[in-house]
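Please have the sequence and the 3D view open as you read.

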Amino acid sequence: MEDLFNDTLHERDEMQEPKVEQLMSKLRKLQEGNKRLREEVKELLSVSMSLQKELEDLQTETYKQEEVLKETEENDRKLQVQCEEFEQECVRQLNQNKKREELLEQYNCEIQEVKLKHRKQRMKFENQLLLLIEQHKNLHAVFSPERLADEIKIAENAKDQLLLAEKVKLDQLRCLDRELTTQEIGTAAAGEDCSFTESVSLISRASC
């Protein structure tokens, strides 16, 4: 368009009265230029529409990405809360296990003390029994054979009773050991708290 305009000015300077053919040629050139301009405008409009569509697609994708980001952040927050709760539960379980171990150690110590106590009682009983037998032997020269036989029978009965009492105590200890072992297995499998009152009751029954 600018070239045509310059040509027109140049020719106008050279010729004051342009011919009709020249004017028609210039008109055709102007029409062709106008046509090209319209085509360029049409192409620009098409490109603009394409760019607008791409912009809308980008905005839609951005919105979707923002929703995904929000959902991801929410999931991360939930996972963080779950992790904190899991850590707290682990700490609680560790504390409970530590308490159980301390209780089991205490019960084992008490059982060992009971066993030691019964061992001492047994040794004392044996010493008393030996002393009693020795006394009966010494009395053999004093009492008649008939009475000595009765005394020996009485001593043997006392010995049998003491042995029976000792056997009962040992059975109670073995029963207590089995119950404690069962309790330890049950505690490890189910993860439930041990009852201190029940354990004290078991020790009390064993001591009785």
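Leu162 is a residue of helix 3. Helices here are DSSP runs of H or I with at least four residues, strands are E runs of at least two, and both are numbered from the N terminus. With a relative accessible area of 39%, Leu162 is partly exposed; buried means under 20%, exposed means over 50%, and partly exposed is in between, using a 1.4 Å probe and protein chains only.

The model is predicted, so local features need pLDDT of at least 70 and side-chain atom pairs count only at pLDDT 80 or more, while totals for chains, interfaces and linings use all residues. Residues are numbered from 1 along each chain as its sequence is written, and side-chain values use heavy atoms, with hydrogens and water left out.

## The overall fold

How many helices and strands does the protein chain have? The count comes to 4 helices and 0 strands, and the pattern along the sequence reads α-α-α-α. Of the 208 residues in the protein chain, 12% are buried.

Helix 2 has 119 residues, which should span 177 Å at 1.5 Å a residue; the expected span is 1.5 Å times one less than the number of residues. Its end C-alpha atoms are 172 Å apart, in agreement with that value. The buried residues of helix 2 include Gln96, Tyr107, His118, Phe125 and His136.

## Salt bridges

The structure holds 7 salt bridges, each defined as a side-chain nitrogen of Lys or Arg within 4 Å of a carboxyl oxygen of Asp or Glu. One of them joins Glu166 and Arg122, with 2.5 Å from N to O. This pair links distant parts of the chain, since Glu166 is in helix 3 (residues 145-190) and Arg122 is in helix 2, 44 residues apart. Glu166 is buried, with a relative accessible area of 15%, whereas Arg122 is partly exposed at 40%.

Arg92 pairs with Glu89, their closest N and O atoms being 2.5 Å apart; both lie in helix 2, 3 residues apart, about one turn of the helix. Arg92 is partly exposed at 38% relative accessible area, and Glu89 is partly exposed at 34%. In another pair, the closest N and O atoms of Asp171 and Arg174 are 2.2 Å apart. Asp171 and Arg174 are separated by about one helical turn because they are 3 residues apart in helix 3. Both count as partly exposed, Asp171 at 28% relative accessibility and Arg174 at 43%. Salt bridges that share partners also join Arg122, Glu126 and Glu166 into one network.

## The largest pocket

Rolling a probe the size of a water molecule over the atoms shows where empty space is left. The largest pocket has a volume of about 340 Å³. Which residues come closest to its centre? Of the 14 lining residues, these are His118, Arg122, Glu166, Lys169 and Leu170. Helix 2 and helix 3 are the elements that give two or more residues to the lining, and helix 3 gives the most, with 8 residues.

For the cut-offs, a pocket is an open set of points on a 1 Å grid over the protein atoms alone, where a 1.4 Å probe fits, with protein on both sides within 12 Å along at least five of seven lines; lining residues have an atom within 4 Å of a point. Grid points are joined across faces, edges and corners, and the volume is the space filled by probe spheres set on the points.

## A nonpolar surface patch

Val20, Met24, Leu27 and Leu30 make a nonpolar surface patch of about 350 Å². Patch residues have over 30% relative accessible area and no salt bridge, with nonpolar side chains (Val, Leu, Ile, Met, Phe, Trp, Tyr) joined within 5 Å and like charges within 9 Å. Accessible areas come from the Shrake-Rupley method with a 1.4 Å probe, and for residues only the protein chains shown count as cover.

Is Val20 buried or exposed? Val20 counts as exposed, because its relative accessibility is 57%. Val20 lies in helix 2 (residues 20-138).
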